[in-house]
Amino acid sequence: METRYPIRAAAKITGISLDTLRAWERRHKAVVPERSDRGRQYRTEDIERLVLLSQLVRRGHAIGGIAALPDSELKNLLERQRFQKVPEAAAALIDPVLSAVESFDGVGAADELNRLAAALAPRDFIYDVVVPLMREVGDRWHNGGLTIAQEHLVSEILRNLLGSMIRLFRPSNPGMKLVLATPAGEAHEFGILASTMLAAVAGMETVYLGPDLPAHEIAKAAERVGAQVILLGITMITETTAQEVRAVAAAMPAGSELWVGGESGADLDLSNLGRKIVLVKDLPALEEEYRRSGATSR
């Protein structure tokens, strides 16, 4: 008899939270588990499909855009992405950083990034070094080439670098003030780190709060500093993150805008909130919003 897995076992095997599993099934019919008097029962092929979907979502795909694809197309899409290399020019820049990270040489990695930051124009540094580095670190972590400790090491180095950039580009008369964070349940901060760097270079005053924050803390910070925009970064929609985004919208200061960054934002139901909501799918789209808001790029 074929093995069946209850929902908690399926969540543990796939690394997908219970909230996310339920949301993917209810909203997108990503899988259709069998039902019994013991609840949902997942077959082996369901587990394999969920792993494929999870890997693609973590590589930037919105679940709403891939949930209906057959397994063969999911596998092909994942294989194509695995063989997409960092552009040769970017690889040459970030290879010394990655070598230092692999040996847990945080000082060496930071020194190399600081050297590149001094040598390149700020926007070129973000797109040609920071973004490829984040992507490569994320891919290597997912593939087992880097540990979570090494990923955290890179995050810490980039946070320190961000602080230097904010001090360097702090405007005397900022065009706009932003609060940037990820909501509770969203631990991945690479996207908002890059977004904060671009905002600083664009002449905006930024308040970087970091990842995995409760809605009331984000809203309170925005009110305290008089932010015109709250930018939330999201990589995967779960019931928790969806609720937190709506809670931020409900609690944020009157007149502020809520920007939701990441392709997954398109899967959120943010209607009838009575707030201005802007969905920003990627960094170039974010820069367009910065320009719309009157920022001055450097």
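**Salt bridges in the predicted model**

The side chains of R123 and E287 form a salt bridge, with an N to O distance of 2.9 Å. R123 sits in helix α8 (residues 122–142) and E287 in helix α13 (residues 283–292), so this pair ties together parts 164 residues apart in sequence. R123 is partly exposed, at 35% relative accessible area. E287 is buried, at 8%. A salt bridge here is a side-chain nitrogen of Lys or Arg within 4 Å of a carboxyl oxygen of Asp or Glu. Helices (H or I, at least four residues) and strands (E, at least two) are DSSP runs, numbered from the N terminus. Buried means under 20% relative accessible area, exposed over 50%, and partly exposed in between (1.4 Å probe, protein chains only).

The model is predicted: local features need pLDDT of at least 70, side-chain atom pairs count only at pLDDT 80 or more, and totals for chains, interfaces and linings use all residues. Residues are numbered from 1 along each chain as its sequence is written, and side-chain values use heavy atoms, with hydrogens and water left out.

The structure holds 16 salt bridges. One of them joins D71 and R49 (2.6 Å, N to O). D71 belongs to helix α5 (residues 71–82) and R49 to helix α3 (residues 44–58), 22 residues apart. D71 is partly exposed, at 28%; R49 is buried, at 11%.

E189 and R159 also pair through their side chains, in a salt bridge of 2.4 Å, N to O. E189 lies in the loop between β4 (177–183) and α10 (190–201), and R159 in helix α9 (residues 148–169), so the pair ties together parts 30 residues apart in sequence. E189 is buried, at 5%. R159 is partly exposed, at 30%. Elsewhere, salt bridges with shared partners join E257, K276, E289 and R292 into one network.
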